[in-house]
Amino acid sequence: MTVRLRHVILALALAATSMPAQAQTKLLFCSFLTPKHVINHGILVPWTKAIVKATDGRVQIRLVQACRMAPPPLQMVMVQKGTTDGAFVFNAFLRKLVPSTQISIHPQMAETGVGRAMAMWAMYQKFFKDKADYKGLEMVGYFGAPDGAWFSMSDKPLTSMASLKTIKTWTLPSIPAQALKLSGANIVPGPAVRIYPIVSKGVVDAFVGLTYDDLLAFKIDKFAKSATTIPGGWFGASFSVFWNKKKWDTIDPRDQKAIWSLSGEALAKRSIEWDKTKEAARKKFVKTRTIHAMPTTEMIKFRKAWSPLYSDWIKTINAMGVDGEAAMTYFKEVSAKYDAETRATLGN
C-alpha cells in the first residue's frame, strides 16, 4: 500500500468519525393518569411507540404517566407554556376556549369511544378547523370514552328522575354537572382522578358518567351496587391531544408527516381499546350486580330537562359564524355510523 493511499484511507476514516450522529427530536408527553388506565396502556403508549417506529427513531417520546406537572384542567396551559411538549385534556375544561368540543360530552351523543372521537374529528375538520382556538398548539386529534352509566351506592337503583333529587351525586364538571342540575340532582362535581376520597368516604350516594372499567381504574368498583344505562348513551368523555407549536416546528417535515399519519382519524380509532376494556369490565360487573335500563317514561322527562343544553350550544356555535344545528346533526350522524361499526366489531 502506497503512502498516498494510506493518507486517503486515513482521511476518509477521520471524516466518517467526525460526521454528526443522526439528529433526534426528543419530546416529553405528560399523562396525568396512572399506567393502569386504558388511556395510557391502550391508547397513548401504543400511539407514541408507533410514532417512534414510523420516524425510524428520529423522534423519541418520553411518556410520563401519573404526571403531576399541572392539574387536569391546566394541561393545555402547561403545554402552551412549554413546561412539557405534549399532553391531552378533558374537553369539559375547554368550554370557553374551544366551545365546539362540548357537544361530545352532551347526553345521548355517542355510545362508543370510537363513535365519539371520530365524530369529533370529522366535525372539527368540516366546521371548526379554522375557528377552534388551540393557540400555541399543534392539535393532532381526539380520543373518546364509551358512554358511562349511573351507579348507585345503595341497594336502591337509579331508575327515575325523582330518585336523583333525594341523594347526592358525583359527576364530572361542565355539561354533565349541568345536565344533572337540570334533572334536579344535588351534585358534587370534580375530576375523575379525585373521585376516590369522595366515594370511599360516603360524601355522595351515587356517581354518574364513569364506565365500568373506570370503576376498576379508580378503585371504586366495590362501592357500586348497581348501574343504570340510558338509550343513546348518558355521557362519555372526549379529549384533545396536542403538542407545543414551537416544539412541533422543530420537528423535521418528513417526521411531522409521519406523526400526522398516526393522528387524526388514526388516533380516534385507537379509542376502540377503551370500548373493548369497557365491554370486558361490563361483563365482569353484571356477574354480581344488576344493570338496569332507564324506563322510557323517565327518559321523556330527562330529554325535556336537557333541551336547554343543546339549544345553548347551538346558539354559541351560531355566534362563531357556524351553523350550530348543522354541526350537531353532522356529529350525531358520524357517531351513529361508527357506534354501529364498533358494536359489530365487538360482537355487541
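Me: Before we turn to Q256, what counts as a helix here, and which helix holds Q256?

Reply: A helix is a DSSP run of H or I with at least four residues, and helices are numbered from the N terminus. In this structure, which is a predicted model, Q256 is found in helix α9, which covers residues 253-261.

Me: Is Q256 buried or exposed, and how should I read the value?

Reply: The general idea is a cut-off, since buried means under 20% relative accessible area. Q256 has a relative accessibility of 18%, and therefore it counts as buried. Once its neighbours within four places in sequence are left aside, Q256 is in contact with W248, D249 and I251.

Me: How should I read the nonpolar core, and which residues touch the most other members of the largest one?

Reply: In soluble globular proteins, nonpolar side chains tend to be buried together. Here the largest nonpolar core has 118 residues, and among these F207 and W306 touch the most other members. The element that gives the most to this core is helix α4 (residues 113-128), with 11 residues.

Me: Which residues does W306 touch, apart from those up to four places away in sequence?

Reply: With those sequence neighbours not counted, W306 touches P107, Q108, W150, A179, L182, S183, I230, W234 and M299. W306 also belongs to an aromatic cluster, whose other members include W150 and W234, together with F32, F88, F90 and F93.

Me: How many aromatic pairs are there, and how do I read the geometry of one of them, F29 with W243?

Reply: Two values describe a pair, the distance between ring centres and the angle between the planes, and an angle over 60 degrees counts as edge-to-face. The count in this model comes to 28 aromatic pairs. F29 and W243 form one that is edge-to-face, at 5.4 Å centre to centre and with 70 degrees between the planes. Because F29 lies in strand β1 (residues 25-31) and W243 in strand β10 (residues 238-244), the pair ties together parts that are 214 residues apart in sequence. Both F29 and W243 are buried.

Me: What lines the largest pocket, and which element gives the largest share of its lining?

Reply: The largest pocket holds about 340 Å³ of space and is lined by 18 residues, with E111, D147, K278, R282 and N348 nearest its centre. Both α11 (272-285) and α13 (324-346) supply at least two residues of the lining, and the largest share, four residues, comes from α11. Sorted by class, the lining has six nonpolar, five polar and seven charged residues.

Me: And which residues lie nearest the centre of the second largest pocket?

Reply: That pocket, with about 220 Å³ of space, is lined by 13 residues, and T34, V193, A217, F218 and K219 lie nearest its centre. The elements that give two or more residues to its lining are α6 (195-200) and α7 (212-217). By class, the lining of the second largest pocket has nine nonpolar, one polar and three charged residues.

How values were computed:
Residues numbered from 1 in each chain as written. Predicted model: local features only at pLDDT ≥ 70, side-chain atom pairs only at ≥ 80, totals over all residues. Heavy atoms only, no water. Buried < 20%, exposed > 50% of the residue type's maximum accessible area, 1.4 Å probe, protein only. Contact = heavy atoms within 4.5 Å. Core = buried A, V, L, I, M, F, W, Y, C linked by side-chain atoms within 4.5 Å. Phe/Tyr/Trp six-rings, centres within 6.5 Å; stacked < 30°, edge-to-face > 60°. 1 Å grid on protein atoms, 1.4 Å probe; cavity = no way out; pocket = protein on both sides within 12 Å on 5 of 7 lines; lining within 4 Å. Points joined across faces, edges and corners; volume = space filled by probe spheres on them. Nonpolar A, V, L, I, M, F, W, Y, C, P; charged D, E, K, R; others polar.
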